[in-house]
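The following note sets out some points on the charged side chains of this structure. Please read it with the model open.

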Amino acid sequence: MSWRDLMCGEPRPDHVGQTLTLAGWADTRRDHGGLVFVDLRDHTGVTQLVINPERSSAAAEAAKEVRNEFVLRARGELVARAPETVNAAMATGEVELHVDELEIVSRSTPLPFQLDEEGVDETTRLRYRWLDLRTDRMQRNLRLSGVVVSAIRRRMEELGFVDLWTPSMTRATPEGARDFLVPVRLQPGTFFALPQSPQIFKQLFMISGFDRYYQIATCFRDEDLRADRQFEFRQLDVELAFAEREDVLHVLEEAVRASFEALEREPPPAPFSRLGWDEVMRRFGSDKPDLRFDLEIQDGTDVTRASQFGVFADAPCVRFLVAPKAFTRGELARLEELAKEWGAKGLAYLVVDESGEVRSPIAKFLSETERAAFAAPPGSTVLFGAGEARAVARVLGLLRLHLGQELGLVDESRNEFLWVIDFPLFEWDDDTETWTFSHHPFTGVAEGHDELIETDPGAALSMAYDLVWNGIELGSGSIRIHRQDVQQRVFRALGLTDEEAQEKFGFLLDALRMGAPPHGGFAMGLDRFVMLVAGEPNIREVIAFPKVSSGSDPLTGAPAPVAGEQLRELGIRLVDETPA
Ligand code: ASP
């Protein structure tokens with residue numbers, strides 16, 4: 001016995017007259033007074049079954065019991081539909097199966113939701129994920145993910161990369177998040193960390209002579225969950241030895257283009273644009289600018305040095321955006337509220353109404369030169385940010401995005417891939433009052449910036465780069481430090497004593513002493529990439545079994561308490577067994 005001769009989406013007029021067996025799920029069942037119609041579904045589509053008691057009374061008996069999502073096997077003759085019953089909207093709409101035998105293979109209890117139901121609460125969808133995954137949307141997304149992964153693998157292998165596996169139970173790998181820890185029964189009181197990335201291992205591969213490594217690696221980061229973030233996610237992880245930045249960028253461009261090609265979409269033209277970090281921060285107020293609309297930030301610092309408007313004169317940096325709309329007072333108040341949420345003290349503005357008249361409480365303070373510098377066409381508003389450069393960039397960058405959406409400036413038909421290069425090596429951490437890494441501590445130092453590690457860490461540039469697609473960061477990478485002495489100096493700049501560095505990263509420092517070639521790499525967030533390719537707003541829509549924002553999995557109920565005995569074995573005692 002074969003379960004099926006064709007998939008449910010396959011029968012065509014060519015098959016008319018054949019006796020076929022089909023199997024799948026009952027998508028719908030309609031009883032027309034004895035004559036029963038069942039749409040039999042699998043992921044390829046549906047075929048209409050017609051069960052007529054005059055053709056088979058046994059099949060008709062079985063059909064009475066059929067409910068949505070029962071699994072059925074039907075055998076019968078494929079027949080051309082009468083012209084008036086042809087359904088042009090269905091690929092199989094010209095034919096139907098006249099059933100001789102109908103077997104209920106498996107039954108279903110009443111469903112918590114119908115597969116075609118709109119607006120089902122997400123927790124319910126995830127609780128019954130096996131049903132949810134039957135929907136067209138989820139079938140499409142997960143299959144698309146499979147196509148992308150396989151296209152990437154193929155291209156990486158064509159480019160000479162070797163898929164190498166790295167451990168999931170290891171030491172902490174610093175990528176800026178908290179670690180998930182795994183207690184160890186054999187050594188109570190000790191813990192493995194789940195890797196935030198395979199960073200150090202892939203560098204060791206380079207030192208070992210595997211000069212082109214890749215892996216679809218699962219990474220674990222204990223961070224607050226968001227629309228594009230899960231505790232565990234996959235990265236296309238890549239490392240190359242004897243490589244320059246351009247070599248790495250080329251590989252990633254190929255991986256992206258291969259994905260588009262596999263989906264029969266026009267691949268984005270390579271090379272993608274490259275812009276320096278300093279420039280994108282100035283022009284777009286973000287290190288992941290959305291280039292699908294212009295609305296660039298302009299600088300007014302020079303002209304405001306001697307401003308009569310104290311806020312401008314006193315600020316180290318004054319920048320502005322010219323929005324193509326003369327906002328009302330109410331709208332401006334709302335924008336100011338937002339600017340304050342983003343950390344601004346206020347939002348100075350000049351409204352240029354349709355007649356060219358300027359409305360603004362600050363206009364009277366501005367000199368001719370300032371007015372000329374801020375001149376804007378009728379029907380627009382000049383919005384200012386004044387303060388420290390980073391804060392101004394942040395506020396105007398967020399404002400830019402907000403206006404891009406609100407004023408419909410974003411051209412959704414565009415695909416803008418961008419490399420942001422020349423990131424700073426360190427960032428100042430206000431909380432700990434120390435320098436911290438911008439990417440991770442293994443990021444190479446820009447040529448000629450070595451000395452700055454000690455003398456002016458804030459001015460040192462790195463050899464890091466990010467890939468951005470339509471304003472979303474797809475991943476990061478860098479040319480690495482391959483000299484032990486430089487690595488040691490960076491650890492010191494990050495506030496690690498030599499002993500601490502040895503304790504945490506001694507194995508890497510040792511390896512760097514034993515013939516480490518220059519190397520660099522990248523990691524692209526694969527699920528995030530698939531989310532964007534699928535046009536989904538949320539990463540959970542492209543992951544089969546994701547966690548919700550509280551960090552739990554409604555399907556299995558994880559995370560869950562464990563038995564006292566298990567904790568004892570691990571040498572763990574809970575401080576408070578009834579967490580608030
Ligand atoms: N390990 C880095 C990350 O996960 C990527 C890299 O530097 O290759 O972001």
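**Salt bridges in the predicted model**

1. A network of salt bridges links R125, R129, D132, R137, E536 and E541. A salt bridge is here a side-chain nitrogen of Lys or Arg within 4 Å of a carboxyl oxygen of Asp or Glu. By this rule, the count comes to 46 salt bridges.

2. The model is predicted: local features need pLDDT of at least 70, side-chain atom pairs count only at pLDDT 80 or more, and totals for chains, interfaces and linings use all residues. Residues are numbered from 1 along each chain as its sequence is written, and side-chain values use heavy atoms, with hydrogens and water left out.

3. R81 and E96 form a salt bridge through their side chains, at 3.7 Å from N to O. R81 is in the loop between β4 (71–80) and β5 (95–106), while E96 is in strand β5, 15 residues apart. Helices (H or I, at least four residues) and strands (E, at least two) are DSSP runs, numbered from the N terminus. R81 counts as buried because its relative accessibility is 9%; E96, at 11%, is buried as well. Buried means under 20% relative accessible area, exposed over 50%, and partly exposed in between (1.4 Å probe, protein chains only).

4. R234 and D527 also form a salt bridge, with the closest N and O atoms 3.1 Å apart. This pair links distant parts of the chain, R234 in strand β10 and D527 in helix α15 (residues 526–534), 293 residues apart. R234 has 26% relative accessibility and therefore counts as partly exposed, whereas D527 is buried, with a relative accessible area of 4%.
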